[in-house]
Amino acid sequence: MTFPQHRLRRLRSSSPLRRLVAETSLSKDDLVAPLFIREGITEPQEIHSLPGVFQHSRESLIKEIEELCELGIPGIVLFGIPEKKDPTGSESWNPKGIVQEAVRDCKRTAGADLVVIADLCVDEYTDHGHCGVVNDDGTINNDETLKLYRKIAQSQAEAGADIIAPSGMMDGQVAAIRTALDEMNFQQTPILSYSAKYASGLYGPFRDAVNISLENSDRKSYQQDWRNAREALTEIRADLSEGADMIMVKPAVTYLDIISKAREITDVPIAAYHVSGEYAMIKAASQQGWIDGDQVALEQLTAIKRAGANFILTYHAKEAAKIL
Ligand code: PBG
């Protein structure tokens with residue numbers, strides 16, 4: 001018997017033939033490495049729930065940047081961990097704050113060879129760990145938070161950030177930041193908005209990485225409900241109308257449907273964040289010998305591209321670049 005599927009089978013017969021007919025390709029050009037810079041440390045500290053990922057000192061960050069450039073990775077996204085945290089996260093807009101210093105260090109080291117994306121949020125800087133100003137009743141004050149985001153955007157752009165990436169899911173954050181940047185003559189600085197960001201359990205290891213414990217609260221009042229797909233498109237359309245140059249879906253593998261739907265409604269570049277928990281699961285199972293970690297990582301990163309993402313923020317960036 002011959003079956004119509006035999007045509008597919010014939011095209012799977014050798015590795016070079018599979019390469020020729022592959023629909024999707026993953027390359028190091030698709031990778032952005034998330035990096036953590038911690039104020040007040042002299043030695044890098046490995047994050048226990050993210051094996052192979054470190055809280056960097058200013059010195060070790062520079063070494064890491066040199067290595068990433070050598071590997072040809074085009075971008076990084078920076079998260080800062082300040083020594084002192086307060087209710088508004090005031091270190092986040094300090095012109096001499098840890099992230100601003102780190103942006104300058106990265107630009108000095110890599111110059112035009114590397115795109116430095118500054119994550120814009122206050123959660124790493126607030127003592128309560130929320131992404132905005134918290135009212136007395138525990139709710140988040142959206143509009144007061146926007147005022148802080150404006151100052152952060154300006155300080156990050158002044159430090160030399162190539163892209164500003166607001167991740168706090170406040171309404172109107174893209175418009176507020178766009179205006180703030182334009183006022184300071186940063187019309188050329190693009191905004192990558194974390195538009196569709198779900199209230200995911202997969203951010204757990206990230207909270208270890210930036211020393212946050214949310215204790216008895218969560219972010220479900222401002223991040224998206226994982227049961228909903230359509231609202232992601234509303235969020236994306238809103239960010240585009242406010243002037244987002246690129247949008248992001250986060251996490252990635254659990255939200256491939258969202259990436260694919262986003263691809264249908266917009267022509268702007270789509271980023272996907274393969275988040276800390278996604279990385280940690282692969283690492284943990286691989287350390288047990290239960291899965292081949294490299295293979296699963298490449299499979300997931302490729303699937304994210306297949307769904308329609310243009311590039312991926314991933315803790316696998318370095319190892320993936322070495323394999324590719
Ligand atoms: C918020 C932010 C978070 C992550 C990136 N930006 C955490 C959160 O919203 O709880 C998570 C990334 C990851 O898990 O790798 N500033």
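Analyst: Happy to! A word on terms first: helices (H or I, at least four residues) and strands (E, at least two) are DSSP runs, numbered from the N terminus. Also keep in mind that this is a predicted model.

User: Thanks. Where does M169 lie, then?

Analyst: M169 is in the loop that runs between strand 8 (163-166) and helix 6 (173-183).

User: And what is phi of M169 near?

Analyst: Phi of M169 is near 55°, which is a positive value in a residue other than glycine.

User: Let's switch to the ligand. Which residues come nearest?

Analyst: There are 18 residues around the ligand, and K197, R207, R219, K250 and Y315 come nearest. The residues of that shell split into eight nonpolar, three polar and seven charged.

User: How much of the ligand does the protein bury?

Analyst: On its own the ligand exposes 400 Å², and the protein buries 100% of that. The space the ligand takes is the largest cavity.

User: Back to K250 for a moment. Is its peptide bond to P251 cis or trans?

Analyst: The bond from K250 to P251 is cis, with omega near -15°. P251 itself is found in the loop between strand 10 (246-250) and helix 9 (256-265). K250 is also one of the residues that come nearest to the ligand.

User: Nice. New topic: how many salt bridges does a search of the whole structure find?

Analyst: The search finds 16 salt bridges. One of them joins the side chains of E67 and K318, at 3.0 Å from N to O.

User: Why does that pair tie together parts that are apart in sequence?

Analyst: E67 lies in helix 3 (residues 58-71) and K318 in helix 12 (residues 317-323), so the pair links parts that are 251 residues apart in sequence.

Technical notes. Residues are numbered from 1 along each chain as its sequence is written. This is a predicted model: local features need pLDDT of at least 70, side-chain atom pairs count only at pLDDT 80 or more; totals for chains, interfaces and linings use all residues. Side-chain values use heavy atoms; hydrogens and water are left out. A residue is near a molecule or strand if one of its heavy atoms lies within 4 Å of it. Accessible areas come from the Shrake-Rupley method with a 1.4 Å probe; for residues, only the protein chains shown count as cover. On a 1 Å grid over the protein atoms alone, a cavity is a set of points where a 1.4 Å probe fits but cannot get out, and a pocket is an open set with protein on both sides within 12 Å along at least five of seven lines; lining residues have an atom within 4 Å of a point. A molecule sits in a cavity or pocket if more than half of its atoms lie within 2 Å of its grid points. Ala, Val, Leu, Ile, Met, Phe, Trp, Tyr, Cys and Pro count as nonpolar, Asp, Glu, Lys and Arg as charged, and the others, Gly among them, as polar. A salt bridge is a side-chain nitrogen of Lys or Arg within 4 Å of a carboxyl oxygen of Asp or Glu.
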